[in-house]
Amino acid sequence: MQRETPKHLFWRRFRTNGLAVSGSIIVLLLFLVAALAPYLSPYDPGHIDTKYALQPPNKEHLMGTDQLGRDVLSRMILGSRISLMVGFVAVGIATIIGTLLGALAGFYGRWVDITIMRFVDIMLCFPTFFLILAVIAILEPSIWNIMIVIGVTSWMGVTRLVRAEFLSIRERDFVNAAKAMGAKDLRIIFLHILPNALSPIWVSATLGVAAAILTESALSFLGIGVQPPSPSWGNILTAGKENIEIAWWLSLYPGLAILITVLGYNLLGEGIRDAIDPRLKQH
Amino acid sequence: MSYYLFKRLVSMIPLLLGITIISFIVIHLAPGAPTGLQTDLNPKITAEARARLEAIYGLDKPLHIQYYLWLKRLAVLDLGNSFSTDRRPVMDKILERVPITVLINTLSLLLIIMIAIPIGVISASYQDSFFDKFTTVFVFIGFAIPTFWLALLLMIFFGANLGWLPISGIKSLNYEYLSPFAMVMDRVKHLILPIFVSSFGGLAGLSRYTRSNMLEVIRQDYIMTARSKGLRERAVIFKHGLRNALLPIITILGLSVPGLIGGSVIFETIFAIPGMGQLFYISVMARDYPVVMGVLVIGAVLTLLGNLVADVSYALVDPRIKVA
């Protein structure tokens, strides 16, 4: 009998995990919605008609209208693009910084390790939300600034993870063999060790997307994230707060969308982790 | 013990310095000037007047001199004066707002500990039971729910629809005229929603963590020993199991402090609670640099203290760590 490859093993474990599969379906659907946003929107998301302001959900407007008479469903659909973009760009930045610093610290050890890990300790002392808020307000809120700042303030976990992986992998025989053959440090780091440390990075990146989406929505809700008239789930909720006594639909749907999205990425992340190594399973 | 404490305190000094440097650099790399708000609103202001304003604030000096001067004042707990119209010392402005923030965060932390640990222990003891599955769903939702949305929903439901609980501030308008008992009740009513909201995410996290730790511990040999010598299940779970599972939980609690403090910006802004988070939000919007820096530094110091408390309690609980 042929031996099962790790790849097959991974897929078999992943497919049979109901939560992981539902997580991936949610994430795939979100990709579809974001990609097809202009075709799915029943109305122009920016079309203002105050005659129809603050209508509760009805046949024409399935999720009602906002204070300017814009169709909430159309704005929600367009808003999915923002969440997707923020999630991926912010996590991309955090993963690149985290992986590089973690690799350096774990590979070289000694003062490089001490310096980098001290820096990590210092960054971890800041209530992250304070730091993000301060930087965003200084830099002028914009979608790009949000993505950069979330990325630049959330790499510390990845660094610790990658460092730990490097510490254990660098002692293995194949690394010694590569060294003995005279491979340069960079070659060993990127071609020999990093490929073997990728799985925890994937897991942490998937969970990171969820966290970044939550942070963006909170910032937009506070009015320092995505700026109107661009719709984001967070800033539709701001309108919900302003009309809290009369328009529940402005508060309910965007929050639900955030909840489901974050849930999807979390399930997917945990599913990947369990499929890579069942021993790591959080029981 | 006092030597251990001393050593821990000394090791905090480089961290503190790093914290001040990062806050300082972040805030001073800004392209906008704090004088911008005053001058932009007044088109008649001359370049000369603008420069004078900058000189008053010390913004005309080189960055490292500004940092040195700021650090020197910080050493005597002087964080400078606020840029806002009241010009009050930053330290006073922050200190008068620390108690309510610390009160709410401490109460949330207590609530989290009191509810999450029993939930985790019960889920682990009855793995795969209905209770266990139910709490697992609750945990996933707890991780994914945006706290500010939860706050909005609760405000709509308990505040606007039912009218049971007030949705903003920490006391009623007629607070001064209430009887002492009514005063206490008034405070409690105002605090219920904020405390519930700020503890919700932590509840999910800690109960999940307690559960997986307990599951880990229950498999150990000494648990089997305890069972086989005929101890009651309750004694096995709580005396032999929980005590060992608690150790890493203490560390996690210490690490959750910055999250709690950071979250206070959100719920204090939503519920209009005059705490540190709200002050921070207001100052960030007004580019009140001295206050922003003060809150950043004090927030980080509170985090350091939280970690210190966690480390010390860890050392006290775990006899394997020698503190002498």
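In which helix of chain A does A:Ile143 lie? A:Ile143 belongs to helix H7 of chain A, which covers residues 143-152, and this briefing places that residue within a predicted model in which 33 residues of chain A are in contact with 41 residues of chain B.

**Fold of chain A**
- Read from the N terminus, the elements of chain A follow the order α-α-α-α-α-α-α-α-α-α-α-α-α, and its C-alpha atoms fill a box of roughly 75 × 55 × 30 Å along the principal axes.
- Of the 283 residues in chain A, 45% are buried.
- When contacts in chain A between residues at least 6 apart in sequence are considered, 69% of them join residues at least 24 apart.

**Confidence in chain A**
- The average pLDDT of chain A is 84, and 96% of the residues score at least 70.
- Within chain A, confidence is lowest in helix H1 (residues 6-15), where the mean is 79, and highest in helix H4 (residues 72-108), where it is 90.
- Where pLDDT is low, predicted coordinates should not be read in detail.

**The side of chain A that touches chain B**
- The contact between the chains involves 33 residues of chain A and 41 residues of chain B, and on the chain A side at least two residues each are supplied by helix H5 (110-125), helix H6 (128-139), helix H11 (198-221), helix H12 (233-242) and helix H13 (249-276).
- H6(A) gives the largest share of this side, with eight residues.
- Sorted by class, the side of chain A that touches chain B has 22 nonpolar, eight polar and three charged residues.

**A:Ile143**
- A:Ile143 is partly exposed, because 18 other C-beta atoms lie within 10 Å.
- Not counting residues up to four places away in sequence, A:Ile143 touches A:Ile82 and A:Val226.
- A:Ile143 and A:Ile224 are 81 residues apart in sequence, while their C-alpha atoms are 9.8 Å apart in space.

**B:Ser207**
- B:Ser207 is placed in helix H9 of chain B, residues 180-218, and counts as buried because it has 25 C-beta neighbours inside 10 Å.
- With its neighbours within four places in sequence left aside, B:Ser207 is in contact with B:Ala116, B:Ile119, B:Gly120, B:Thr135 and B:Val139.
- B:Ser207 and B:Arg73 are separated by 134 residues in sequence and by 43 Å in space, C-alpha to C-alpha.

Note on methods:
Residues numbered from 1 in each chain as written. Chains lettered and ligands numbered in written order. Predicted model: local features only at pLDDT ≥ 70, side-chain atom pairs only at ≥ 80, totals over all residues. Contact = placed C-beta atoms within 7 Å. Helix = DSSP H or I, 4+ residues; strand = E, 2+ residues; numbered from the N terminus. Nonpolar A, V, L, I, M, F, W, Y, C, P; charged D, E, K, R; others polar. Buried ≥ 20, exposed ≤ 12 C-beta atoms within 10 Å, placed from the backbone. pLDDT = per-residue confidence, 0-100.
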